[in-house]
Amino acid sequence: MAVAEKTPEMAAAPAAARRRRRSFKPRYPAWLTAPSLLYYTVFFLGPMAILVAFSLAVQQGFGSLRYGFNTIFVRTLVMASVGTLLTIAVGYPLAYWMARYLSTYKMLALLLIVVPFWTSFLIRTYALKIILDPNGYLAKDLGINILYTRYAVAVGLVYNYLPLFILPVFASLERMDWSLIEAATDLGARPFAAFRQITFRLTLPGFVTGALLVFIPMTGEYIIPNILSGGNYEFVGNVIGDQFNQAQNQPFGSALSIALMVALSVFVIVYILFATKEEKFGA
């Protein structure tokens with residue numbers, strides 16, 4: 001009995017059937033989700049947006065509001081951004097020097113950075129206040145009298161949050177293959193070009209993670225502006241604390257808290273995305 005010869009079409013048919021069975025793609029059009037998305041937008045995101053607008057508004061007389069960012073929010077975000085940039089300017093070169101050029105004393109240098117972080121945040125801030133005292137060495141002999149100003153707040157932010165930036169950047173630099181830099185320079189690349197195209201790109205997840213780990217808590221800072229500025233340069237956290245403790249205006253304090261949480265939710269999402277990317281990169 002003759003055996004029927006299989007054609008290429010017959011051989012490809014079972015493979016095509018297996019591919020169809022393993023497919024997890026939805027078999028319905030995406031526009032069918034439009035009613036539920038419209039309901040979610042109108043009845044959930046819409047009221048939430050109205051609450052956010054009210055939370056950021058400033059009252060002008062009875063029943064009159066001025067919408068937009070309050071001055072205290074702008075001040076907080078600007079100072080947190082400046083503090084983050086200063087922390088990057090100090091922390092990245094230090095982490096790079098530790099990871100690239102230190103060998104024997106690398107762990108000792110890392111320990112010296114981490115050990116002050118083990119002490120109380122309040123004690124560290126008061127210690128910095130003593131250093132910046134107008135009757136101290138910096139003010140009398142060097143003429144640096146910045147206590148109770150925004151400059152003292154900036155110094156306090158960098159001093160207290162510097163380890164949070166150095167640790168993830170140092171971990172990213174430690175996993176680098178430095179032979180890539182040597183190969184780039186051997187092929188004629190300038191040192192800055194090799195750093196920009198290789199080192200910075202490979203350590204970008206750790207860089208962004210460290211920057212967000214610094215920026216997010218800076219926006220909610222309470223102790224540093226209260227101690228180092230003497231109430232002359234307040235953050236949102238100070239205003240929220242005053243509303244709950246002194247003014248006894250809990251609704252307004254809660255509104256400010258919600259507004260700050262909504263503003264920071266974007267940065268939290270960015271941090272989660274880059275943290276996940278860094279874990280995949282490390283694996």
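Which residues does Thr219 touch, not counting residues up to four places away in sequence? In this predicted model, the contacts of Thr219 are Thr76, Leu77, Ala80, Leu260 and Leu264. Thr219 itself lies in helix H10, which spans residues 204-219. Thr219 counts as buried because its relative accessibility is 0%.

Helix H4 (residues 106-114) and helix H7 (residues 150-174) have axes that come within 10 Å and cross at roughly 160°. H4 is therefore roughly antiparallel to H7. The crossing of these two helices, H4 and H7, is left-handed. From H4, the contact is made by Lys106, Met107, Leu110, Ile113 and Val114; from H7, the contributing residues are Pro163, Ile166, Leu167, Phe170 and Glu174. By class, the contact of H4 with H7 has eight nonpolar and two charged residues, with no polar ones.

A search of the whole structure finds one salt bridge. This salt bridge joins Glu174 to Lys106, and their closest N and O atoms are 2.9 Å apart. The pair links distant parts of the chain, with Glu174 in helix H7 and Lys106 in helix H4, 68 residues apart. Glu174 is partly exposed, whereas Lys106 is buried. Lys106 is classed as buried because its relative accessible area of 13% is under 20%.

The relative accessible areas of the residues discussed are listed below.

| Residue | Relative accessible area | Class |
|---|---|---|
| Thr219 | 0% | buried |
| Lys106 | 13% | buried |
| Glu174 | 36% | partly exposed |

Definitions and conventions
Residues numbered from 1 in each chain as written. Predicted model: local features only at pLDDT ≥ 70, side-chain atom pairs only at ≥ 80, totals over all residues. Heavy atoms only, no water. Helix = DSSP H or I, 4+ residues; strand = E, 2+ residues; numbered from the N terminus. Buried < 20%, exposed > 50% of the residue type's maximum accessible area, 1.4 Å probe, protein only. Contact = heavy atoms within 4.5 Å. Axes fitted to C-alpha atoms, helices over the stretch in contact; angles between N-to-C directions. Parallel < 35°, antiparallel > 145°, perpendicular 65-115°, else oblique. Left-handed = near helix turned anticlockwise from the far one by under 90°. Nonpolar A, V, L, I, M, F, W, Y, C, P; charged D, E, K, R; others polar. Salt bridge = Lys/Arg side-chain N within 4 Å of Asp/Glu carboxyl O.
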